[in-house]
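Please read the numbered points below with the sequence and the structure side by side. They are set out as a colleague's note.

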Amino acid sequence: MESPAASTHHPTAPTPDDATDDALQIGDHTFSSRLLVGSGRFPNPQLMLDALAAAAADLVTVAIRRVNVERPAPESHLQLIRDAGHTVLPNTAGCYTAREAVLVAQLAREALGTDLIKLEVIGDDETLLPDPHELLDAARTLVDDGFTVLAYANDDPITCQKLAEVGCAAVMPLASPIGSGQGLLNPYNLRLIRELLPDTPLIVDAGIGTASDAVQAMELGYDGVLTNTAIAEAKHPVAMARAMRHAVTAGRLAHQAGRIPRRLYAQASSPTEGRVGS
């Protein structure tokens, strides 16, 4: 009589931890999801909530200059997001100077009781690209004031390195301009930033257009992805949110697994020794 099926059991090779057990650490804060989602541009509040749920996002960004943080109405985006159990990540969108950004961050901390702040200091209305000088100035002030700063930056290795040096808890280089959906225009620079800052949490922010962009960012070794427009303005936002969730997980696991090297010529996947006719 044959032994039970255990005789046919083969142990599996060890694999990286599943993404569900792979927490994102930013400063003293721990998050289970590596997908961050913005709360703007959705056609209506219910669709926003459904998309956030499909994305399984812990951190949800809210533009503080565009909401009443001191007395949010029950139906406000801010209150709806908090009631749904998401962590609000206030941001300084719409600020053009370090002074403006610092004031907005201080207002957010007082009203929301959080030290988290996504720091944005924009250079102009046309490109919405960060102003490196004002950004670094604001980052120094906020870090010294005890904030956990996630700094939105250009895909410039030098600026990102300086932001890490002043104590930002995370650096968020852009993939391409805000809302453009062009994906990773300069993966070379993003790879350089990752190599320069191996111990700094890095999150690709802005310009993500679809799930494959999120996969590419995570395969470069980034710690997370932040997207808003790609979900909110998709034909089916909830479906795109779900796709982004799986894309971030897949990209993270692929990076941990380690891809094969690129080769110029083909290499047979089956052995050539002992083949018929050899």
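1. Helices (H or I, at least four residues) and strands (E, at least two) are DSSP runs, numbered from the N terminus. On that basis, the protein has 9 helices and 10 strands. Please keep in mind that this is a predicted model.

2. Some overall figures come next. The protein holds 278 residues, and buried residues make up 45% of them. Its accessible surface comes to about 14,500 Å², with 50% of that belonging to carbon and sulfur atoms. Of the contacts between residues at least 6 apart in sequence, 65% join residues at least 24 apart.

3. Helix α1 spans residues 45-55, and its buried residues are Met48, Leu49, Ala51, Leu52, Ala54 and Ala55. Against which elements do the buried residues of α1 pack? They pack against the strands β3 (35-38) and β4 (59-63) and against the helices α2 (77-83), α8 (229-232) and α9 (237-257).

4. Both ends of α1 deserve a look. At its start, a side-chain oxygen of Asn44 comes to within 3.2 Å of the backbone nitrogen of Gln46. Just after the helix, Ala56 adopts a positive phi of about 55 degrees.

5. Leu47 also lies in helix α1. Neighbours within four places in sequence aside, Leu47 is in contact with Phe42, Pro237 and Val238.

6. Strand β6 (residues 116-119) is covered on both faces: Leu116 and Lys118 are buried on one side, and Ile117 and Leu119 are buried on the other. It runs parallel to strand β7 (residues 148-153), and 4 bridges join the two. Within this pairing, Ile117 has Val149 of β7 as its bridge partner. Together with helix α4 (residues 132-144), β6 and β7 make a right-handed β-α-β unit.

7. The largest nonpolar core counts 64 residues, and the members that touch the most others are Leu119, Leu142, Val149, Leu163, Ile231 and Met244. Helix α3 (residues 98-112) gives the largest share of this core, 7 residues. Apart from it lies another core, of 13 residues, which includes Leu24, Leu116, Ala170 and Leu226.

8. Is Asp205 buried or exposed? Asp205 is found in strand β9 (residues 203-205). It counts as buried because its relative accessibility is 3%, and buried means under 20%. Residues up to four places away in sequence aside, Asp205 touches Lys118, Tyr152, Met172, Pro173, Leu174, Ala175 and Leu226.

9. Gln182 is placed in the loop between β8 (170-173) and α6 (187-196). Not counting residues up to four places away in sequence, Gln182 touches Ser176, Pro177 and Gly207. From C-alpha to C-alpha, Gln182 and Ile208 are 6.6 Å apart in space, while they are 26 residues apart in sequence.

Terms used
Residues numbered from 1 in each chain as written. Predicted model: local features only at pLDDT ≥ 70, side-chain atom pairs only at ≥ 80, totals over all residues. Heavy atoms only, no water. Buried < 20%, exposed > 50% of the residue type's maximum accessible area, 1.4 Å probe, protein only. Contact = heavy atoms within 4.5 Å. Polar contact = N/O pair within 3.5 Å; in protein donor to acceptor, adjacent residues only side chain to side chain. Pairing = 2+ DSSP bridges. Right-handed = clockwise from strand over helix to strand, strands pointing away. Core = buried A, V, L, I, M, F, W, Y, C linked by side-chain atoms within 4.5 Å. Areas by Shrake-Rupley, 256 points an atom, 1.4 Å probe, with all protein chains shown as cover.
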